[in-house]
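Okay, thanks for coming, everyone.

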Amino acid sequence: MTTSTTNAAVARTLAILRKELLDTLRDRRTGMVTLLSAICAGPIFLLLIFNLIASQAERARDLKLPVVGAVYAPALVGYLERQQVTVTQAPADYDAQIRRGDLDVVLIVDEAFAADVAQGKPGSVRLVFDRSRDRARPSIEQAESLLRGYNRLWGEQRLMLRGVASTVANPLRIDTSDLATPQQSGALVLFLVAYYGLFASVMGGMAVALDTTAGERERQSLEPLLMTPARPGEIVAGKWLAVSAFNALVVLLTLTGFYLTLKFAPLPPVGVPFLFGMREVFRFAIVLVPMVLMLPAILLYVGSRARAYKEAQANVSVLLFVVSLIPVVQLFMQRREPGWLMFVPVSAQYSLLNTSLRGEAPSLAQLASSWLAPAALIAIALIAVTRRLSRESILSGK
Amino acid sequence: MIEVDALQKSFGKAREIEAVRAVTFDAPDGAITGLLGPNGAGKTTLLRMIATLVLPDAGRARVGGLDVVADRYAVRSRIGVLSDARGLYQRLTARENVRYFGRLHGLAGAALDARIDALFATLGLTPLAERRTAGFSQGEKMKVAIARALVHDPDTILLDEPTNGLDIMSVRTLRDELRALRGQGKCLLFSSHVMQEVAALCDRIVVLAHGRVVAAGTAEQLIERAGTAGLEDAFVQLIGSDEGLAA
């Protein structure tokens with residue numbers, strides 16, 4: 001190929017890129033939806049999650065415990081009150097209220113408590129709760145732990161009265177040391193941030209990619225385009241670059257949204273000193289590059305197979321389903337991640353995003369392996385779209 | 001100058017649908033040649049082969065001396081095509097739509113803008129130039145599509161059923177524009193199934209039926225050959241039935 005024909009090819013590719021970007025930026029509806037979901041939804045998620053964690057911590061700290069039969073065990077009630085628990089008289093329909101979620105946990109003291117204790121038998125108390133309610137869990141755990149504490153205290157006092165050291169009854173001392181760095185706690189928040197970053201790279205280019213392929217065909221502007229000297233390969237390259245550029249913009253805005261929210265938003269202090277600084281934004285961006293380039297190529301292919309935008313949207317939902325499911329599967333995969341995961345697109349990126357969030361840098365080798373499959377898929381998808389555009393059947397309704 | 005020589009094209013899995021069978025005709029410069037035939041006669045396939053979008057199974061076609069298969073991209077630079085597919089980019093202005101195609105044809109900068117200005121002035125599009133095409137009427141859209149097809153000043157212009165869906169005023173504008181192009185010495189090939197339209201506009205008529213050329217010549221020659229009183233009867237006689245001829 002001579003220089004002048006190469007220059008002409010590059011000029012045509014750039015003309016297509018330029019037109020597609022202009023067309024996309026003019027599309028206010030798609031633009032608003034994409035940008036809103038990118039910039040706002042992530043931070044809103046974060047705010048909700050942080051508030052949930054904060055309110056749970058608060059519930060455990062300021063435990064309100066309705067008690068049935070408080071009069072039968074005044075010493076226990078006194079102990080609870082010394083531990084800052086607000087003891088109230090339980091309502092008659094407490095079990096219904098627990099089922100509805102109005103009450104977290106209720107303590108029932110047996111009528112025979114005092115009599116049993118006097119005879120040397122264990123006094124019985126009962127905790128009523130619904131453990132399936134996530135919101136109630138901190139209160140339940142706090143109530144259980146307080147009762148265990150009271151039990152141990154009482155037992156130790158009895159042993160002391162008999163001249164026995166309390167260690168006799170507690171031969172095992174359990175110490176724990178949690179190796180999670182502060183960043184590693186709050187796994188749910190970690191998951192959401194990584195998931196959302198990944199998702200931005202899928203959603204960012206979707207509307208544009210389908211509009212520029214299936215939409216172009218539906219609006220009957222594809223045939224005139226194919227009649228110009230622009231080769232199918234140039235058309236595909238220009239469109240791919242345009243969709244990728246827009247996708248990259250959406251991903252960067254999403255990451256910026258996270259960064260600004262975590263840095264400046266009045267998030268409640270939840271004891272998760274969560275790290276998402278400029279360094280993490282940068283690592284995220286590096287890890288997501290293969291996604292930012294691969295998904296537009298695949299979406300262009302899906303779009304080019306459809307006659308109309310709506311049809312393409314239906315086809316793309318399968319792709320979305322797979323991409324959004326992979327991280328969820330990984331979240332529930334409790335075993336250590338196998339090495340080959342680095343070669344699986346989406347999986348590798350999700351895993352590397354988590355690495356970045358834990359404050360570690362993804363290694364060059366990991367990044368390189370995470371690139372292989374996407375690079376191959378990009379090539380295959382772009383060649384397939386080019387071949388479709390070269391086929392005569394693209395002109396007919398089929 | 002368009003030279004079509006025994007052009008052939010079939011579709012279907014076993015190539016069982018013969019759309020164009022050994023079609024031969026010429027369309028000279030400085031004239032409007034009409035391709036008249038009922039629906040399904042093979043007009044669109046024939047035009048698409050000349051426009052290099054569809055590869056012929058056999059035979060050859062040349063545009064300005066260039067082969068439509070071997071020199072397909074050179075041919076594309078020489079032809080302007082106005083087809084049934086007249087979709088515009090609705091979020092772009094009229095000027096941006098035409099400019100995009102100008103760039104794809106290798107034009108750029110001030111020369112391109114001057115060319116667009118001249119085209120828009122001829123077509124009466126100047127007041128609409130900077131408006132987005134979303135709200136354009138059918139006639140206005142057609143004018144933008146014409147400007148788009150002519151932006152690179154092609155010698156040869158192919159029009160496939162260009163009046164489909166247009167109102168009378170738009171059809172008149174189109175006719176005037178085509179006559180003006182003929183005056184500039186361009187070669188125009190115009191397909192239609194509407195007899196009156198072809199009769200009103202074309203210097204030469206090629207009658208196509210079932211993928212074959214059944215007659216060619218001026219309107220007078222066709223009447224003479226068919227031995228009928230008027231043009232309409234001549235067409236029916238030549239095609240063998242009046243099926244698919246209605247407007």
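So, here's one to start with: how many bridges join strand 3 of chain B to strand 9 of chain B? Four, and strand 3 (residues 31-36) and strand 9 run parallel. By pairing I mean that DSSP finds at least two bridges between two strands. Helices (H or I, at least four residues) and strands (E, at least two) are DSSP runs, numbered from the N terminus.

Quick housekeeping before I go on. This is a predicted model, where local features need pLDDT of at least 70 and side-chain atom pairs count only at pLDDT 80 or more, while totals for chains, interfaces and linings use all residues. Residues are numbered from 1 along each chain as its sequence is written, and chains are lettered from A and ligands numbered from 1 in the order in which they are written.

Back to strand 9 of chain B. On its other pairing, with strand 10 (residues 212-217) of chain B, the sense is antiparallel, over five bridges.

Is strand 9 of chain B buried or exposed? Six of its six residues (204-209) are buried, so the strand is largely enclosed by the rest of the structure. Buried here means 20 or more other C-beta atoms within 10 Å of a residue's own, exposed means 12 or fewer, and partly exposed is in between, with C-beta atoms placed from the backbone. In a regular strand the side chains alternate between the two faces of the sheet. In strand 9 of chain B both faces are covered: R204(B), V206(B) and L208(B) are buried on one side, and I205(B), V207(B) and A209(B) on the other.

Now over to chain A, and a sheet there. This one is open, with four strands in the order 2-1-3-4 and mixed pairing. Strand 2 (86-89) and strand 4 (125-129) are the edge strands, each pairing on one side only. On average, neighbouring strands are turned by 30 degrees against each other, direction ignored. Strand 1 (residues 64-68) of chain A pairs with strand 2 in the parallel sense over four bridges, and K64(A) stands opposite T86(A) there.

Next, helices. Two packed helices are described by the angle between their axes and the distance between the axes. Take helix 11 (residues 278-304) and helix 14 (residues 364-390) of chain A: the axes come within 8 Å and cross at roughly 20 degrees. That makes helix 11 of chain A roughly parallel to helix 14 of chain A. The axes are lines fitted to C-alpha atoms, for helices over the stretch in contact, with angles from 0 to 180 degrees between N-to-C directions. For the wording, under 35 degrees is roughly parallel, over 145 roughly antiparallel, 65 to 115 roughly perpendicular, and the rest oblique.

Who meets whom? On the helix 11 side the residues include I286(A), P290(A) and Y301(A), and on the helix 14 side they include W371(A), P374(A) and R388(A). In contact means C-beta atoms, placed from the backbone, within 7 Å. The residues of that contact divide into 18 nonpolar, two polar and one charged. Nonpolar covers Ala, Val, Leu, Ile, Met, Phe, Trp, Tyr, Cys and Pro, charged covers Asp, Glu, Lys and Arg, and the others, Gly among them, are polar.

Then there's helix 12 (residues 309-332) and helix 13 (residues 347-357) of chain A, packed at an angle of about 55 degrees with their axes 9 Å apart. That makes helix 12 of chain A oblique to helix 13 of chain A. I326(A), P327(A) and Q330(A) in helix 12 meet S347(A), Y350(A) and S351(A) in helix 13. By class, that contact has three nonpolar, three polar and no charged residues.

Last stop, the two chains together. 20 residues of chain A are in contact with 23 residues of chain B. The largest share of chain A's side, seven residues, comes from helix 1 of chain A. That side divides into nine nonpolar, three polar and eight charged residues.

Key:
Two residues are in contact if their C-beta atoms, placed from the backbone, lie within 7 Å.
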